[in-house]
Amino acid sequence: MEPVFSPSVHRQRHQFVIDFVKRNKPKKVVDLGCSECALLKNLKFCRDIELLVGVDVDGAKIKKRMHDLAPISTDYLQPGYDQLCIELYQGSVTQKDTRLRGFDLVSSIELIEHLHLADVELFSGVVFGYMTPAAVIISTPNSEFNPLFPGPAGFRHSDHKFEWTRAEFQTWALKVCLKYGYEVEFTGVGQAPPGQQERVGFCSQIGVFHRLGAGGHCNRFFGDDADDVLSYTLLYSIKYPSLQDNNILRRVLVSEVVYWAEKLKRGWMEERTGEMNGAFTLCHTEEAEESVCEGHMDMEEKQTDLSEDGGGVLTKGQEQQESCTSPRYVSVPLAVLWACCPKVSVLGGSLSNLRHLLMDDPGVKLSQDGSAVLVYNQEQDQEEEEDHDHCDLEDSGYAGANQCSHSAVEEEDWEAV
């Protein structure tokens, strides 16, 4: 067979299932005959799916690509609210397994033609009678389309046991509906060349089955067995990180709180530093002007006048005093975090719940009443280190020696004059 479709019929079949899932939003989906998990890799991005299962009789094919279904780093760094669990089983579609009952959707893409006709009957009983899904999508080759392919006549694949005409497929599907309580609509993918669609139909014919009275998960034909039937072998199982997991929710919330609290603290410190620097410049400018007009004035008296007239702007003297009393922790109220960071408010749910989630977490330090996050002020340590170094310098006698040396130089210069 040479490819004559764009995109390929293989992709069109998968896209048909994906589009169905997007429209109908099933939560539990199983793909029978999943092979190397190509369809599952696309379905895992459908956010409404909570349980995604693949089954194939060939375990080696599953193992070949099953790790492609694992979460990637961004799934852990930025988990969503959606829950997704993926399970892969090795087993035959002609056998029952309790774990596959009650699904919202079963897909069987190009599978039944690989079964003997006797096994097709078993397949029908397992899928429609035992599993009783709300919807089933089955695709199979349309043999009427085969003459349009180049090459010798015959089945499309060497492992095909049969290939049905449209009439044969529809006859089987209608019998299934009558026996197990379903209705079906027929369609397909892979259109024929212009003018031949009505004569030969689609390349792949598709039946979309819907269970009648899909509100309940009744089991009319196999009975509600009390004992679990576990015929399949679990090969792979993975749960995606989700914010519905309290541990993950707490981790993400703490990360957001710490980030925003630190950001707000830095903004406040920068604003405070800017005010100090502005007041310091203003103080020196006014001092220079008045020293020209009125002569030298006492520095402390000048700074007092500026603080009284400057509307709360810090002077140099006040800056020194403020730096000496900088807090070791900066208090950031939870209400401020709530207002400034929408993600924190969404994750927390409420202020009381936010406080509850943060209260026992070692990554966050709260105030005694739990109303604020205490952010460590590293600048205070730097100020203390600078003060300590200054004290060491004075204690060493270097400053006094330096003053004496300076006075001696002045005295020598005066005598020289």
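Biologist: Is F145 buried or exposed?

Modeller: Keeping in mind that this is a predicted model, F145 counts as buried, because its relative accessibility is 2% and the cut-off for buried is under 20%.

Biologist: And what is the relative accessible area of F149?

Modeller: For F149 the value is 10%, so F149 is buried as well.

Biologist: How many aromatic pairs does the structure hold, and how are the planes of F145 and F149 set?

Modeller: There are 14 aromatic pairs in the structure. In the one formed by F145 and F149, the ring centres lie 5.5 Å apart and the planes meet at 55°, so this pair is classed as tilted.

Biologist: Which residues do ring pairs link into a cluster?

Modeller: The cluster is made up of F128, F162, W164, F169, W172, Y180, Y182, F186 and F209, joined by ring pairs.

Biologist: What about charges, which ring does the charged end of K28 sit over?

Modeller: K28 places its charged end over the ring of F103, at 4.9 Å from the ring centre, and there is also R101, whose charged end sits over the ring of Y130, 4.6 Å from its centre.

Biologist: Switching to helices, how many residues does α1 have?

Modeller: Helix α1 covers residues 9–24, which is 16 residues, and its span from first C-alpha to last is 23 Å, close to the 22 Å expected at 1.5 Å a residue. After α1 comes K25, which has a positive phi, near 55°.

Biologist: Which residues of α1 are buried, and what covers them?

Modeller: The buried residues in α1 are V9, Q12, R13, H14, F16, V17, I18, F20 and V21. Their cover includes helix α2 (38–43) together with strands β4 (105–109), β5 (135–141), β6 (182–189) and β7 (204–211).

Biologist: Zooming out, how many helices and strands does the chain have?

Modeller: The protein chain has 15 helices and 10 strands, and 39% of its 417 residues are buried. Of the contacts between residues at least 6 apart in sequence, 76% join residues at least 24 apart.

Biologist: Where does pLDDT stay under 50?

Modeller: One such stretch is residues 216–223, for which the model has 22 contacts beyond four places in sequence. Another is residues 280–325, where the pLDDT is below 50 and the model has 36 contacts beyond near neighbours in sequence. Where pLDDT is low, the predicted coordinates should not be read in detail. Over the protein chain, the average pLDDT is 81, and 73% of the residues score at least 70.

How values were computed
Residues are numbered from 1 along each chain as its sequence is written. This is a predicted model: local features need pLDDT of at least 70, side-chain atom pairs count only at pLDDT 80 or more; totals for chains, interfaces and linings use all residues. Side-chain values use heavy atoms; hydrogens and water are left out. Helices (H or I, at least four residues) and strands (E, at least two) are DSSP runs, numbered from the N terminus. The expected span of a helix is 1.5 Å times one less than its number of residues. Buried means under 20% relative accessible area, exposed over 50%, partly exposed in between (1.4 Å probe, protein chains only). Contact means heavy atoms within 4.5 Å. Rings of Phe, Tyr and Trp (its six-membered ring) pair if their centres lie within 6.5 Å; planes under 30 degrees apart count as stacked, over 60 as edge-to-face and the rest as tilted. A charge sits over a ring if NZ of Lys or CZ of Arg is within 6 Å of the ring centre and within 35 degrees of the ring normal. pLDDT is the predictor's confidence in each residue, from 0 to 100.
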